[in-house]
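Have a look at the model first.

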Amino acid sequence: RSKYKIKSSYDHKYNIWTRFIGKNCRSITVFIILFFVIASYFVFSKNTGFPEFDNRLENMAYINNKGIEVQKKILNKFGNVFEPINIVAKSKDPDEVVKNLQSKMPVINDGLDKGYFVRVESIFNYLSFLETNKGLLDKLREISNKQRALDYVINKLKQDDSKKEEYEFLESEKQRILDLLKMDISKDSFGFEEFKKVLPQFIFNKFFAEDKKTGDYYAITYIYPKKRIEKDEDINAIKNYLDIDNGIMLTGLSLMVGRLETVLKKEFKFITLFVAIALLVVLTIIYKRFFHVCICLFPVMMGIASVLLVMMIFKIKFNYINIVAFPLIIGMGIDDAIYMMQHYFENSDRNLFAVLKQTGKAMILTSLTTMMGFGSLIYTQHKGLMSLGIIVFIGMGACLVYSLFVLPGLLSICAKKNEK
């Protein structure tokens, strides 16, 4: 009996609520739309811009990530030392890749002096060492039997246990040192083979590579821009500054992140437009009247607009994860409007009270379960998933509200138009 009384009481309250909406549906619809317009005007009058896209991966990481915190401290103290831009030269001729890179060194060094770049790692930095020690090398070249002199020094170091490291170094690099003494470092630049002979293997491999399958040679210089690359505009600015030509390529993680934002925005617009057009086609086939299609789409469009409004108010930005929320909201948020309209047109007397009574509970339950499923992401420690949960939760809730309180008024207007 107690259960029956509780259920009876609940049904009585629910019937009062549905009857109130059925009688005052047009007034409620006008009030909600007017409230939305006023709220939108208030938000835009505060110069709140459209939600921006945040492509920083650390803003999508776990909360209180110690690694991210350390990285931020290093960025504040040392600048951008994590994300180099790789300037790569490619050619079939190994000496040509060296010349192509060397042609860019004046403007790179100028950017370093002006503070555009934090640091530059180039193979040509080692030439400055050779130029600095040119006098010493010239004196060593005057020795007639260089190998004999070097062997003498190595044997002396071998007999002294305190000079073990110096001995091992000279012993391993003896041939390289002899090659260096035979070279003329007064030239403006070294070629590929000269660098290969002079530099230790681990240094040479950092700046040069050879693709034996294609026969291509690669040379690379690493520059660390002071400002992190976040947008396409930043990439284009660096390209214009360095005057990149056909023989030079730019690559690196920061450039890929900047490009990813552009590609993702383009794909997002395409997917959202595709979903909207697909819905429009399906609804047109079902309802056959454009006015009915517009009524069905109105709640979900208002729901999307409400989500954007909330994001603008609370400064929530788009990111690589939460941007997928909008196709989800469109695809799932339209369900409530379809349920109500189907029952409305199946009901011969077009009774809104009966439609809300039969369909309202199902709409509320299905929407709430979806909202709870995505809303659970709000409690995760991952910022990206958290923002996804917030946006879908708000979007589905908004679609439900507009379907329950605005759609009946629009259907009432539609019925009046059909009577005329």
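Q: Where is Val324?
A: This is a predicted model, where local features need pLDDT of at least 70, side-chain atom pairs count only at pLDDT 80 or more, and totals for chains, interfaces and linings use all residues. Residues are numbered from 1 along each chain as its sequence is written, and side-chain values use heavy atoms, with hydrogens and water left out. Helices (H or I, at least four residues) and strands (E, at least two) are DSSP runs numbered from the N terminus. With that, Val324 sits in the loop between helix H13 (290-313) and H14.

Q: Is Val324 buried, partly exposed or exposed?
A: Buried means under 20% relative accessible area, exposed over 50%, and partly exposed in between (1.4 Å probe, protein chains only). Val324 comes in at 42% relative accessibility, so it counts as partly exposed.

Q: How far is the C-alpha atom of Val324 from that of Ile391?
A: Along the chain, Val324 and Ile391 are 67 residues apart.

Q: Which residue's side chain makes a polar contact with the side chain of Ser387?
A: Ser387 lies in helix H16 (residues 383-405), and it counts as buried because its relative accessibility is 10%. A polar contact is a pair of N or O atoms within 3.5 Å; within protein, one must be able to donate a hydrogen and the other to accept it, and residues adjacent in sequence count only if both atoms are side-chain atoms. For Ser387, the side-chain partner, at 3.2 Å, is Asn319.

Q: Which residues does Asn319 contact, leaving aside its neighbours within four places in sequence?
A: Asn319 is in the loop between H13 and H14, and at 6% relative accessibility it counts as buried. A polar atom of its side chain lies 2.9 Å from the backbone nitrogen of Ile321. Taking contact as heavy atoms within 4.5 Å, and leaving those sequence neighbours aside, Asn319 touches Phe53, Asp54, Met60, Gly384 and Ser387.

Q: Why do H12 and H14 count as roughly parallel, and what is their angle?
A: Axes are lines fitted to C-alpha atoms, for helices over the stretch in contact, and angles run from 0 to 180 degrees between N-to-C directions. Angles under 35 degrees count as roughly parallel, over 145 as roughly antiparallel, 65 to 115 as roughly perpendicular and the rest as oblique. H12 and H14 are therefore roughly parallel. Their axes are 10 Å apart, and the angle is about 10°.

Q: How are H15 and H16 oriented to each other?
A: The axes of helix H15 (residues 352-375) and H16 come within 8 Å and cross at roughly 170°. Residues meeting there include Leu356 and Met363 in H15, and Val392 and Leu400 in H16. Given the crossing angle, H15 and H16 are therefore roughly antiparallel.

Q: What is the phi of Lys315?
A: Most residues other than glycine have a negative phi. Lys315, in the loop between H13 and H14, is exposed, with a relative accessible area of 62%. Although Lys315 is not a glycine, its phi is positive, at about 60°.

Q: What is the phi of Asp243?
A: Asp243 is in the loop between helix H11 (232-242) and strand E5 (248-251). Asp243 is exposed, with a relative accessible area of 55%. It is not a glycine, yet it has a positive phi of about 55°.
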